[in-house]
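Trainee: I would like to go through this model with you. Could we look at it together?

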Amino acid sequence: MGLIMNLSYLQSYAAVVSQGGFSAAAEHLQVSKGLVSRHVNNLETQLNVKLLHRTTRVIRMSQAGEKLYVEAQKIFSQANSVERDIQDMTQEASGLLRFTAPISIGDRIMQDLLVPYQKECPNVALELNFSNRAFDLASGENDIGLRAFASLPELVVAKSVGKMRNVLVASVDYLNTHPTVNSLQDLKAHNCILNSHQQAWNVWQMHRQKITKVETQLASTSPRLPTYDESLQAQPVVVSGNIATSKYATAKMLAEQGCGIASLPWYCVEPSVADNKLQRVLVDYELYVHEMAIIHAAERLLPKKLKVFKRLLVEWFVRHPQYCADKKL
């Protein structure tokens with residue numbers, strides 16, 4: 001008789017890898033840490049192979065463990081796909097749809113998407129998982145997501161929506177009581193609000209815009225910002241400051257309170273600039289921090305509830321080209 005793998009053991013093992021440890025996996029699965037540990041030990045015994053190399057600080061997969069994790073993702077993705085196919089045979093746009101996105105843009109998008117989605121899919125319950133943590137969409141942890149990416153995982157479909165546009169902002173009070181910022185070099189004399197989530201983002205990659213004086217004046221208040229020019233090489237500026245945060249909302253609040261200059265997405269600060277709570281700094285420069293994509297598991301048949309949500313997401317970005325650096329306005 002062939003080997004029959006215990007899927008509970010496999011689920012625990014995959015959670016340890018994706019969550020980065022036994023405690024995090026237990027919290028994610030809502031079980032005890034001891035149970036997760038027993039599952040992984042039993043799986044190693046059943047397969048007669050070492051899957052994880054464990055120290056007090058680091059958990060590292062063996063070669064066999066890496067192979068098993070890749071195959072586990074395929075198994076869970078297939079199981080999730082089968083479940084959705086069966087549900088779609090008996091239900092029309094009903095059940096649960098789980099959407100994940102970074103906190104700030106998730107909040108901004110749902111201001112516009114919630115009502116139209118509920119009109120088209122009134123029987124679908126939404127679960128909104130807004131976090132800076134990247135959930136595993138290939139295994140069905142969420143149904144659809146909006147994520148910044150450098151490289152994409154396997155077994156997912158991704159549709160890029162563009163490179164997100166960041167601008168430099170500060171409060172009027174801060175700018176009135178500190179040296180004038182006329183050049184990139186001037187930034188080094190200022191307190192800048194740092195990013196504690198991605199240290200690399202504290203090197204501001206500044207792109208200069210090819211725009212006229214009139215367009216520069218309009219860019220300080222208008223959402224119709226100029227499209228960036230890829231031929232212009234980014235100029236890196238290493239900034240410093242005495243406050244760091246992992247959340248855009250906190251950085252915006254700190255900037256509004258006069259704590260320094262912040263690099264923030266235009267979608268996050270557009271209302272504050274319009275209300276004069278914030279003012280753009282170096283308006284002929286912008287930053288393009290990351291590319292954003294709509295991601296979901298690769299499936300043969302997409303449920304209607306997911307297809308409708310994806311379409312509304314795409315349409316939202318089409319209606320808001322000012323938030324992306326590579327969209328024509």
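Predicted model: local features only at pLDDT ≥ 70, side-chain atom pairs only at ≥ 80, totals over all residues.

Mentor: Residues are numbered from 1 along each chain as its sequence is written, and side-chain values use heavy atoms, with hydrogens and water left out.

Trainee: How many helices and strands does the protein chain have?

Mentor: Helices (H or I, at least four residues) and strands (E, at least two) are DSSP runs, numbered from the N terminus. On that basis the protein chain comes to 10 helices and 13 strands.

Trainee: What percentage of the residues in the protein chain is buried?

Mentor: Buried means under 20% relative accessible area, exposed over 50%, and partly exposed in between (1.4 Å probe, protein chains only). The protein chain has 329 residues, and the buried share is 46%.

Trainee: Is glutamine 19 buried or exposed?

Mentor: Glutamine 19 belongs to helix H1, residues 7-19. Beyond its neighbours within four places in sequence, it is in contact (heavy atoms within 4.5 Å) with Ala24, Ala25, His28, Arg133 and Glu141. Its relative accessible area is 18%, so glutamine 19 is buried.

Trainee: Which elements cover the buried residues of H2?

Mentor: In helix H2 (residues 22-29), the buried residues are Phe22, Ala25 and Ala26. They sit on the same side of H2, because they cover an arc of only 100° around the axis. The arc is that of the directions from the helix axis to the C-beta atoms. Their cover includes H1, H3, strand E1 (52-54) and strand E2 (59-61).

Trainee: Which residue just after H2 takes a positive phi?

Mentor: The value is about 60°. The residue is glutamine 30.

Trainee: How are H2 and H3 oriented to each other?

Mentor: Phe22, Ser23, Ala25, Ala26 and Leu29 in H2 meet Lys33, Val36, Ser37 and Val40 in H3. The two axes come within 8 Å and cross at roughly 110°. Axes are lines fitted to C-alpha atoms, for helices over the stretch in contact, and angles run from 0 to 180 degrees between N-to-C directions. Angles under 35 degrees count as roughly parallel, over 145 as roughly antiparallel, 65 to 115 as roughly perpendicular and the rest as oblique, so H2 and H3 are roughly perpendicular.

Trainee: Which residue follows H3?

Mentor: H3 covers residues 33-47. The next residue has a positive phi, near 60°, and is asparagine 48.

Trainee: At what angle do the axes of H5 and H10 cross?

Mentor: Residues in H5 that meet H10 include Ile105, Leu113 and Tyr117. The axes of H5 (residues 103-120) and H10 (residues 304-319) come within 10 Å. H5 is oblique to H10, as the crossing angle is roughly 130°.

Definitions and conventions: Expected span 1.5 Å × (residues − 1).
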